[in-house]
Amino acid sequence: MESLSMEELLALLREICGEESIFADTELMESGLLDSYALINLLSELDLRGISIEPTRVGMENFSSADKILQMCRK
């Protein structure tokens, strides 16, 4: 599994969500920034980087913020 830095993840989220003001603690799911389409794009981009997320781990609690996504990717 490849390693992913917070800076790389934030850049990816900003590109996918089309929003420059995304930070480590930004609420992604509740704010609507990370909708179902953006989530699929994110999962695809992570997979291209060698980070595979099991379907059972895809949920609001793991994708609520960049912090949570990075923690999940490192497990």
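## Model confidence

The mean pLDDT of the chain is 93, with 97% of residues at 70 or more; the model is a predicted one. Among the elements of the chain, helix α1 (residues 6-17) has the highest mean pLDDT, 97, while helix α3 (residues 66-74) has the lowest, 93.

## Surroundings of Phe23

Phe23 belongs to the loop between α1 and α2 (36-48). The charged end of Arg14 is placed over the Phe23 ring, at 5.5 Å from the ring centre. Beyond residues up to four places away in sequence, Phe23 touches Leu10, Arg14 and Ala66.

Met6 stands 17 residues from Phe23 along the chain, and the C-alpha atoms of the two are separated by 9.3 Å. Phe23 has a relative accessible area of 46%, and is therefore classed as partly exposed, between the limits of 20% and 50%. As for pairing between aromatic rings, a search of the whole structure returns zero aromatic pairs.

## Nonpolar core

The largest nonpolar core comprises 22 residues. Those that touch the most other members are Leu9, Leu13, Leu34, Leu42, Leu46, Phe63 and Ile69. Each of α1, α2 and α3 supplies at least two residues of this core, and the largest share, six residues, comes from α1.

With neighbours within four places in sequence left aside, Ile69 is in contact with Leu9, Leu13, Leu28, Leu42, Asn62 and Phe63.

Definitions and conventions: Residues numbered from 1 in each chain as written. Predicted model: local features only at pLDDT ≥ 70, side-chain atom pairs only at ≥ 80, totals over all residues. Heavy atoms only, no water. pLDDT = per-residue confidence, 0-100. Helix = DSSP H or I, 4+ residues; strand = E, 2+ residues; numbered from the N terminus. Phe/Tyr/Trp six-rings, centres within 6.5 Å; stacked < 30°, edge-to-face > 60°. Lys NZ or Arg CZ within 6 Å of the ring centre and 35° of its normal. Buried < 20%, exposed > 50% of the residue type's maximum accessible area, 1.4 Å probe, protein only. Contact = heavy atoms within 4.5 Å. Core = buried A, V, L, I, M, F, W, Y, C linked by side-chain atoms within 4.5 Å.
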